[in-house]
Amino acid sequence: CTAESFIQVEYGVRVQRLGPPADDPRSTQPGAVHYVVMKKQMTGSGWKSQFGGADLQIVELTDTYKRWADECSKAFGGMEILAVDGLHAKSGEDYIIELNTTAIGILSSMWEECSEFIADLTIEKMSGIFCPEAPHVAPPSRSGAKSTCPGGGESSKMTKGKKKEGRKKEDGKKKKEEKKKKEEKKKKNK
């Protein structure tokens, strides 16, 4: 990063946070917030040290890294998905250099776990917007999350059949529209 000319960097850090805003009472419930901390040991060279690659290792969540993520969540209106990038200098000091919203760089080894958190957050948020009178699920279920809308709502995991059925209907509509346009074009050319 451009800080390299000012800071002797030992390694980079990315702290990911998924969950209710830090000032939300639900965030104190066990399992409600998901943190992942990655140590980025730069392997490249040049003015941007991550060019050429970086060795990523999952490391322990420290009180400092937790505070970074929680404070960023609060400072920016209760962000529920974020990643804070930082640098650890050879002097031992830590510097925050960037806050990412949805571009948090989920590791492939963490994809399923993180995706479940994101899906549950989305369903809970949408239920609160579209069905405000319904009770909210807290903490998120992490599996088979369902809408809290009255009338039962369906699982967030649509069946393959329903997805195909929806696509077929859309494809049919598109074909009809294209056919109609071709017929109109022919009439104009006559």
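A salt bridge here is a side-chain nitrogen of Lys or Arg within 4 Å of a carboxyl oxygen of Asp or Glu. Welcome to a predicted model, where local features need pLDDT of at least 70, side-chain atom pairs count only at pLDDT 80 or more, and totals for chains, interfaces and linings use all residues. Residues are numbered from 1 along each chain as its sequence is written, and side-chain values use heavy atoms, with hydrogens and water left out.

**View 1. Lysine 125 meets glutamate 80 in a salt bridge.** The N to O distance is 3.6 Å. This pair links distant parts of the chain, 45 residues apart: lysine 125 belongs to helix α2, and glutamate 80 to the loop between α1 and β4. Helices (H or I, at least four residues) and strands (E, at least two) are DSSP runs, numbered from the N terminus. Glutamate 80 is buried, at 18% relative accessible area, while lysine 125 is partly exposed at 43%. Buried means under 20% relative accessible area, exposed over 50%, and partly exposed in between (1.4 Å probe, protein chains only).

View 2. Look for aspartate 70 and lysine 66, whose closest N and O atoms are 2.7 Å apart. Aspartate 70 is buried at 11%, whereas lysine 66 is partly exposed at 33%. Glutamate 71 and lysine 74 form another salt bridge, with closest N and O atoms 3.1 Å apart. The structure holds 5 salt bridges.

**View 3. Strand β1 pairs with β4 and with β2.** Two strands pair if DSSP finds at least two bridges between them. Strand β1 (residues 9–18) runs antiparallel to β4 (residues 81–89) over 9 bridges, and to β2 (residues 34–42) over 7 bridges. Tyrosine 11 has histidine 88 as its bridge partner in β4, and arginine 14 has methionine 38 in β2. In β1, 8 of the 10 residues are buried.

**View 4. Phenylalanine 117 of helix α2 comes into focus.** Is this residue buried or exposed? Phenylalanine 117 counts as buried, at 8% relative accessibility. The C-alpha atoms of phenylalanine 117 and valine 33 are separated by 8.5 Å, although these residues are 84 apart along the chain.
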